[in-house]
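Here is a short briefing to read alongside the model. Take a look at the structure first, and then we can walk through a few of its features together.

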Amino acid sequence: MSHHNENKTHVIGYGTYALVWLALVSFTGITVAVAGIDIGNFTIVVALLIASIKSILVLTIFMHLRFEDKVFRMFVFIAFLTLAIFIGLTFFDYSFIR
């Protein structure tokens, strides 16, 4: 049985980090701006969508998820999909109760 011990160093340039930081700040500003607009229940949907995009950026760039094995990325995707389903069902139920 062979063990693959891959200790590769992944170098991401400072420009990429700066762009991701600007994107995260921009998305935060968009979230704050959308919260001030009265669009009903879609405010939460837009906020969760923007938060999902921000988490994908952090996972892929800062946590180096894009350099991991395909199986590990699939497990992370399934975990987030399960979380999204539960959050979606909770807010769907909540919007009918009010």
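A residue counts as buried under 20% relative accessible area, as exposed over 50%, and as partly exposed in between. Phe62 has a relative accessible area of 37%, so it is partly exposed. Please keep in mind that this is a predicted model.

**The aromatic pair**
- One aromatic pair turns up in a search of the whole structure.
- Its members are Tyr17 and Phe62, and the pair is stacked because the ring centres are 5.3 Å apart and the planes lie at 15°, where stacking calls for planes under 30 degrees apart.
- Distant parts of the chain are linked by this pair, since Tyr17 sits in helix H1 and Phe62 in helix H2, 45 residues apart.

**The largest pocket**
- The largest pocket holds about 520 Å³ of space.
- Its lining is made up of 19 residues, and those nearest the centre are Ser52, Ser55, Phe80, Leu81 and Ala84.
- Helix H2 (42–62) and helix H3 (70–97) each contribute at least two residues to that lining.
- Sorted by class, the lining comprises 14 nonpolar, four polar and one charged residues.

**Asp38 in its loop**
- Asp38 belongs to the loop between helix H1 (14–36) and H2.
- With a relative accessibility of 74%, Asp38 is exposed, because the cut-off for that class is over 50%.
- From Asp38 to Ile85 the C-alpha separation is 25 Å, and the two are 47 residues apart along the chain.

Conventions: Residues numbered from 1 in each chain as written. Predicted model: local features only at pLDDT ≥ 70, side-chain atom pairs only at ≥ 80, totals over all residues. Heavy atoms only, no water. 1 Å grid on protein atoms, 1.4 Å probe; cavity = no way out; pocket = protein on both sides within 12 Å on 5 of 7 lines; lining within 4 Å. Points joined across faces, edges and corners; volume = space filled by probe spheres on them. Helix = DSSP H or I, 4+ residues; strand = E, 2+ residues; numbered from the N terminus. Nonpolar A, V, L, I, M, F, W, Y, C, P; charged D, E, K, R; others polar. Buried < 20%, exposed > 50% of the residue type's maximum accessible area, 1.4 Å probe, protein only. Phe/Tyr/Trp six-rings, centres within 6.5 Å; stacked < 30°, edge-to-face > 60°.
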